[in-house]
Amino acid sequence: MLKRSVLVKFLSPEQPGSSGSVPLCAEGGVNPLTLQPRGACNVLLELLAMHEWPRIKRRHHKHTGPPLDVTVGTLDVLVGLSDELSKLDSFVESVVKKVAQYMADVLEDTRDKVQENLLANGVDLVTYITRFQWDMAKYPIKQSLKNISEIISKQVSQIDNDLKARASSYNNLKGNLQNLERKNAGSLLTRSLADIVKKDDFVLDSEYLITMLVVVPKTAYADWQKTYETLSEMVVPRSSNLLFEDNDSGLFSVTLFLKAIDDFKLKARENKFIVRDFQYNEEEMKADKEEMTRLSTDKKKQFGPLVRWLKVNFSEAFIAWIHIKALRVFVESVLRYGLPVNFQAMLLQPNKKTVKKLREVLNDLYKHLDSSAAAIIDCAMDIPGLNLSQQEYYPYVYDKINCNLLDFKV
């Protein structure tokens, strides 16, 4: 009987110092859930299954593992499981990406360090994948393949639900703090004035007088000094003081009689001086400051535990994802080549520029395994149970893992 084997190939984007194709392969034995590494790889995992090991044996690594003792089930069960695993694969990948992206969001100004926190079992993702060993404790292989997939589905669904709850709580806290911070920043026309003015800047508790705050463009300072006393008949002479200024405007105080407020506002607006509606209230200002302090403290308290939770559950979700990939290799290979189960997992890391050439070489080596493969690649065809689009159908089982989990470059 011809040997059946599975090739798991990592495709990495071109990196400085990359020296072309680095095949990582294993030969002999029956262990579809053990991937052995050689060298570093980064971004795409492709799963391939075929008869006979290729003639490309330069720079390869052999590994023989124990046989995988799982219940295969009937063909109908495998076809159904293949469809379920495809959907579960997409779901788990989306959760992995959501946890990674949210960690970057939480780290904010230090998001360039997010990659240091995206670990699986305490090691970087590439190392974990290339040294992958099936976790018998979490996913007992004595159970059926369907039960194992359900265990992973429940585990990752719980992570997804917990992430939504934690993210909602932290985002609300962060949003409220940002709203308060936003009030204390920006233009004098819109920002809070509470941290700018002092009690001594106002005439308080007067039955007749009131102090108003006016935003004056810097280019109009001279006009303000010349005209503010005559904008209304009841403005206190020499009562205007510059309290604060930003790049564009200055904040001036001016004291006038209460009954002249409306007339003063109208005349000020006609001269392009903007009167801010502000009443000095020490209790309200103190409450705002205390609220900002409380929110800032609460955010700091939640930050550490949240980052730790994200690190732990990113690792859990990523590990679950790679186990799903291993299950898919097994199921798709059995569906493609039948029983008895006899195949081996492998890793390749070609340079980005060599991917097309590698695909051509693999196709030449293994096209005899499926005489229709060449035609399928060139025309649309849906093959039940294989979950592969026509662009991804080859004489070997094929899948990929994209380890670029973030929407930005770090």
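In helix α6, which covers residues 261-270, the buried residues are I261, F264 and A268. Seen down the axis of α6, these buried residues fall within an arc of 65 degrees, so they line one face of the helix. The face of α6 turned away from that buried side carries the exposed residues D262, R269 and E270. Since this is a predicted model, these descriptions, like those that follow, belong to the prediction.

The next topic is how helices pass one another. Helix α1 (residues 75-107) and helix α4 (residues 145-183) have axes that come within 10 Å and cross at roughly 25 degrees. Angles under 35 degrees count as roughly parallel, so this crossing makes α1 roughly parallel to α4. The crossing in which α1 passes α4 is left-handed. The axes of α1 and α7, in turn, come within 8 Å and cross at roughly 155 degrees. Because angles over 145 degrees count as roughly antiparallel, α1 is roughly antiparallel to α7. The crossing of α1 and α7 is left-handed.

A search of the whole structure finds 11 aromatic pairs. One of them joins Y128 and F318, whose rings have their centres 6.3 Å apart and their planes at 70 degrees, so the pair is edge-to-face. This pair links distant parts of the chain, with Y128 in helix α3 (residues 125-130) and F318 in helix α7 (residues 282-337), 190 residues apart. Are these two residues buried or exposed? With a relative accessibility of 8%, Y128 counts as buried, and F318, at 0% relative accessibility, counts as buried too, because buried means under 20% relative accessible area.

F318 has a further partner in F314: the rings of F314 and F318 have their centres 5.9 Å apart and their planes at 25 degrees, so the pair is stacked. Both residues lie in helix α7, 4 residues apart, which is about one turn of the helix. F314 is buried, as is F318. Taken together, Y128, F132, F314, F318 and W321 form one aromatic cluster.

A last stop is K400, which lies in the segment after α9 (373-378). Which residue can be compared with K400 by the distance between C-alpha atoms? The C-alpha atoms of K400 and K325 are separated by 8.4 Å, although the two residues are 75 residues apart along the chain. K400 has a relative accessible area of 37%, and is therefore partly exposed.

Note on methods: Residues numbered from 1 in each chain as written. Predicted model: local features only at pLDDT ≥ 70, side-chain atom pairs only at ≥ 80, totals over all residues. Heavy atoms only, no water. Phe/Tyr/Trp six-rings, centres within 6.5 Å; stacked < 30°, edge-to-face > 60°. Helix = DSSP H or I, 4+ residues; strand = E, 2+ residues; numbered from the N terminus. Buried < 20%, exposed > 50% of the residue type's maximum accessible area, 1.4 Å probe, protein only. Axes fitted to C-alpha atoms, helices over the stretch in contact; angles between N-to-C directions. Parallel < 35°, antiparallel > 145°, perpendicular 65-115°, else oblique. Left-handed = near helix turned anticlockwise from the far one by under 90°. Arc of directions from axis to C-beta.
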